[in-house]
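The stops below proceed from the whole chain to individual side chains.

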Amino acid sequence: MKMSRFRELLSALTASRGRQLALVSFLLFSYLLIGAAVFEALEANNEAAMIAEYRQLIAEFVNSSGMTEGQIKNFTESLTRLSSVASTVSGVENWSFAPSFFFALTVVTTIGYGQISPVTAGGQAFCCVFALIGIPIAGIVLVKIADILKGAFNNIRDGILKRLPKNPVFSKATAPLFIATFGVVIFLLIPAVIFQAIEDWTYGQSLYCAFITLSTIGFGDYVPGQATTSNRALYKVLTMVWIFVGLAFLTLLLEIMNDLLSMTADKASSAVDRLKNKVAGDDSEDEPVPMDAPKKTHLST
């Protein structure tokens, strides 16, 4: 009886896609809850301190300027609204051709830093149409570049393995690990060093910016390629190349992870099927023989 119930439980867990979706959704929701709790623990106290500092500054400004708190609020809102043109006032335009090209790149790659955005009705409408057409095209290009990167990484890996003792298991296991490690060094660790030197960030901030960019999260708190240097145009071009090739690497990495997860899921499904068959076999062996069943006899010849 216990074996039959266990078999029914296994069938219920593996038969319904709806139940599988519910399980994955529950895991995702749980993961989001954990993330929210961690972010709150890390950021809430700092936010409270900044709010207190802001209120203190407002109070001091009210006392020194003679303006009312409402006037100061309107002033700060206007200042926030116009902050996107602050760099233009200081001599660096946001909507000349080069920054516009960089913005277009962040649109089709879905990074969306948010440090600048169109404010005219025409600009906003064009941005929607431009993204609708450009995002699929960029996706196709990224997949093609990812294929080239995969071939290049495999060639480098094969060249290294030729100098090592032959081990089929080791050779098969190195492909995902090698691509991931080599890609992280090339597209995250080394660019972070460059950003630290040029953007005047800490290495942690630079690494954070590199990851947030290539993962297309794009908060906009740190934006690469904005530093004013003697070779600013070249630096911006190289930054755009890094973004695009780095996104292709991320596409390749996601493909590898998907393959690994699919292989793991297939193995798990096979293991469950074997377990179900074993349980079914055990149940059939445990079934009692009816009393009126004819007895088997062994005839001797």
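A residue is called buried when its relative accessible area is under 20%, exposed when that area is over 50%, and partly exposed in between, using a 1.4 Å probe and protein chains only. This is a predicted model, in which local features need pLDDT of at least 70 and side-chain atom pairs count only at pLDDT 80 or more, while totals for chains, interfaces and linings use all residues. Residues are numbered from 1 along each chain as its sequence is written, and side-chain values use heavy atoms, with hydrogens and water left out.

**The whole chain**

The chain averages a pLDDT of 78, and 76% of the residues score at least 70. Confidence is highest in helix α8 (residues 203-214), at a mean of 95, and lowest in helix α4 (residues 86-89), at 47. Next select residues 297-301, where the pLDDT is below 50; beyond near neighbours in sequence, this stretch has 0 contacts in the model, a contact being heavy atoms within 4.5 Å. Where pLDDT is low, the predicted coordinates should not be read in detail.

Switch to a cartoon view: the protein chain has 9 helices and 0 strands. Helices (H or I, at least four residues) and strands (E, at least two) are DSSP runs, numbered from the N terminus. Of the 301 residues, 22% count as buried. Among contacts with a separation of 6 or more, 59% are between residues 24 or more positions apart.

**Helix α6**

Select residues 121-162, which form helix α6. Buried residues of α6 include C127, A131, G134, A138 and L142.

**Aromatic rings**

Now display the side chains of Phe, Tyr and Trp. Their rings (for Trp, the six-membered ring) pair if the centres lie within 6.5 Å; planes under 30 degrees apart count as stacked, over 60 as edge-to-face and the rest as tilted. The whole structure contains 11 aromatic pairs. One of them joins W95 and F103, edge-to-face, at 5.1 Å centre to centre and 70 degrees between the planes. W95 is partly exposed because its relative accessibility is 45%, whereas F103, at 15%, is buried.

Move to F153 and F249, an edge-to-face pair at 6.5 Å centre to centre with 90 degrees between the planes. F153 lies in α6 and F249 in helix α9 (residues 232-286), 96 residues apart, so the pair links distant parts of the chain. Both are buried: F153 has 5% relative accessibility and F249 has 4%.

Select F195, W201, Y208, Y222 and W242 together, as they form one aromatic cluster. Then show K236, whose charged end sits over the ring of F102, 4.6 Å from its centre; this requires NZ of Lys or CZ of Arg within 6 Å of the ring centre and within 35 degrees of the ring normal.

**Last stop: Y203**

Which residues does Y203 touch, not counting those up to four places away in sequence? Y203, in helix α8, touches L189, A192, V193 and Q196. Its C-alpha is 6.3 Å from that of A192, 11 residues apart in sequence. Y203 is partly exposed, at 29% relative accessibility.

Terms used:
pLDDT is the predictor's confidence in each residue, from 0 to 100.
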